[in-house]
Amino acid sequence: MDELLLRSLTPGVLGVLVRRGADFAAAEDAVQDALVEAVRVWPDDPPRDPKGWLVTVAWRRFLDASRADAARRRREDVVDEEPAPGPAPAVDDTLQLYFLCAHPSLTASSAVALTLRAVGGLTTRQIAQAYLVPEATMAQRISRAKRTVSGVRFDQPGDVATVLRVLYLVFNEGYSGDVDLAVEAIRLTRQLAAAIDHPEVAGLLALMLLHHARRAARTAPDGSLVPLARQDRGRWDTRAIAEGVEILQAALARDRLGEFQAQAAIAALHADAPTAEETDWVQIVEWYDELARLTDSPVVRLNRAVAVGEADGPRAGLAALAALDDSLPRHTAVAAYLHERDGDLEKAAKLYAEAAGQASNLAEVAHLTRQAARLNALRSR
Amino acid sequence: MAKYLLLKHYRGAPKAVNDVPMDQWTPQEITDHVRYMGDFAARLEKTGEYVDGQALAPEGTFVRYDGEGRPPVTDGPFAETKDLIAGWMVIDVDSYERAVELAGELSAAPGAGGKPIHEWLELRPFYTEPPTITE
């Protein structure tokens with residue numbers, strides 16, 4: 001049985017239940033029950049109309065749950081008659097679910113969890129494993145999130161930017177457990193791109209594809225990080241790159257630039273270079289300028305300093321870096337890299353070691369310590 | 001079964017035998033060390049003795065309550081803090097002897113020159129639930 005196909009039906013089924021008058025929280029529980037039932041029954045008895053099957057089972061579960069709840073007996077009279085199936089506005093329902101699950105009243109972690117469950121069709125256990133928290137904790141986070149959005153009207157238009165922020169967070173998390181969050185984020189963004197025509201949705205999808213294309217080359221067999229310049233470009237996924245570039249070009253042609261399109265453009269320029277030396281750094285600096293205008297983020301200006309260092313030489317990069325707050329994450333690591341390029345190995349080694357002490361993950365700690373060790377070994381020769 | 005905490009210190013433990021800062025190792029020695037640690041945890045998962053392992057960043061903050069309606073006071077990080085924990089591993093083993101054996105293996109992780117670090121790890125038993133049968 002195709003689990004992805006099953007999960008791709010989730011938002012549509014949930015949308016039907018909510019439009020029939022079921023409240024979101026109860027409908028979401030009923031859809032989860034139906035998914036579990038499908039996993040059990042479909043391998044031996046595949047339905048002719050998978051979505052119709054899920055709607056029927058989920059609706060029955062919803063009614064059972066409502067009946068079981070004495071306090072909801074009054075509502076039972078309202079919902080007992082199954083409405084005749086009308087024209088299915090599947091696309092709109094899916095879009096509304098994205099908006100609801102990324103509602104501004106939710107915290108980022110709640111929005112992420114709710115999106116993965118209600119739109120992605122993942123189980124609470126899978127989401128808990130992916131984020132390395134106990135299942136009970138994740139269950140609580142999801143049910144609180146559902147309570148938070150319970151008063152939101154389903155047909156209210158939402159803000160695409162909040163949805164994109166949530167999907168970006170999911171993509172950036174990497175993966176642990178049996179769910180690959182990067183792949184899931186791409187799937188959900190693709191589904192969103194099919195539901196709404198928006199250049200930034202396309203930009204984010206392109207950005208994800210272009211970065212995901214490098215995944216195999218990003219870590220060595222021993223698990224250590226391989227920086228972009230040292231990656232074996234033959235291991236990049238050329239199909240994902242081609243798709244990302246095509247999506248990006250179509251989006252850019254609309255002339256409604258946003259931060260995700262600009263970030264994707266930078267990733268595309270890296271993807272376009274056959275070797276690290278052939279990277280078009282001048283154009284990349286221009287895109288960082290564009291990005292800085294769009295977001296005014298200090299992280300963008302830090303990355304820009306690296307690009308300037310490549311385009312105009314390490315001294316120019318250090319000058320750009322000097323204008324930035326040195327408490328920024330990775331500031332010390334960038335300084336170390338630029339000083340190494342400038343030939344000051346002693347200073348670079350010291351800064352790499354210092355940067356290792358500031359890194360936020362073990363892979364980077366090991367990588368930066370290794371850089372310091374490499375330079376120290378060179379100097380003692 | 002008994003749970004033990006294996007504590008690794010940035011500072012505060014007695015000096016290791018092979019005590020060379022990591023940035024003075026060769027890159028290959030760092031790679032070998034990281035692999036040893038990963039393999040150790042993987043092996044304990046296989047034997048059913050692994051519970052949890054986490055590494056901590058070196059810089060933290062002290063926080064305390066400062067009275068009704070006031071934001072908490074924060075202080076630090078303190079460069080002079082004597083005891084600084086780097087990380088831990090929680091194991092669930094049959095005996096104290098087994099816990100000591102495993103801590104000894106972890107302490108043998110290779111360092112500078114490819115030789116064991118012989119670093120001191122702190123071994124602390126968890127308090128357990130009170131037993132059901134008491135007499």
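Read along the sequence, chain B follows the pattern β-α-β-β-β-β-α-β, which comes to two helices and six strands. Here helices (H or I, at least four residues) and strands (E, at least two) are DSSP runs, numbered from the N terminus. The model is a predicted one, in which local features need pLDDT of at least 70 and side-chain atom pairs count only at pLDDT 80 or more, while totals for chains, interfaces and linings use all residues. Residues are numbered from 1 along each chain as its sequence is written, and chains are lettered from A and ligands numbered from 1 in the order in which they are written.

The overall form of chain B comes next. Its radius of gyration, taken over C-alpha atoms, is 18 Å, whereas a compact globule of 135 residues would have a value near 14 Å; the globule rule is 2.2 Å times the number of residues to the power 0.38. Of the 135 residues of chain B, 13% count as buried. A residue is buried if 20 or more other C-beta atoms lie within 10 Å of its own, exposed if 12 or fewer, and partly exposed in between, with C-beta atoms placed from the backbone.

Four strands of chain B form an open sheet in the order S2-S5-S1-S6, with antiparallel pairing. Strand S2 (50-55) and strand S6 (122-125) of chain B each have a single partner strand and stand at the edges, so one side of each is left without a neighbour in the sheet. Two strands pair if DSSP finds at least two bridges between them. Strand S1 (residues 2-11) and strand S5 (residues 84-93) of chain B are joined in the antiparallel sense over nine bridges, and Arg11(B) stands opposite Leu84(B) in S5(B).

Helix H2 (residues 96-107) of chain B lies across S1, S5 and S6 of chain B and runs at about 135 degrees to S5(B). Axes are lines fitted to C-alpha atoms, for helices over the stretch in contact, and angles run from 0 to 180 degrees between N-to-C directions.

Chain B also touches chain A: 13 residues of chain B are in contact with 15 residues of chain A. Two residues are in contact if their C-beta atoms, placed from the backbone, lie within 7 Å. Helix H1 (residues 27-47) of chain B gives the most to the chain B side, with six residues.

Within chain A, nine of the 11 residues of helix H19 (residues 331-341) are buried, so this helix is largely enclosed by the rest of the structure. Among the buried residues of H19(A) are Val334(A), Tyr337(A) and Leu338(A). After H19(A) comes Gly343(A), whose phi is positive, near 95 degrees.
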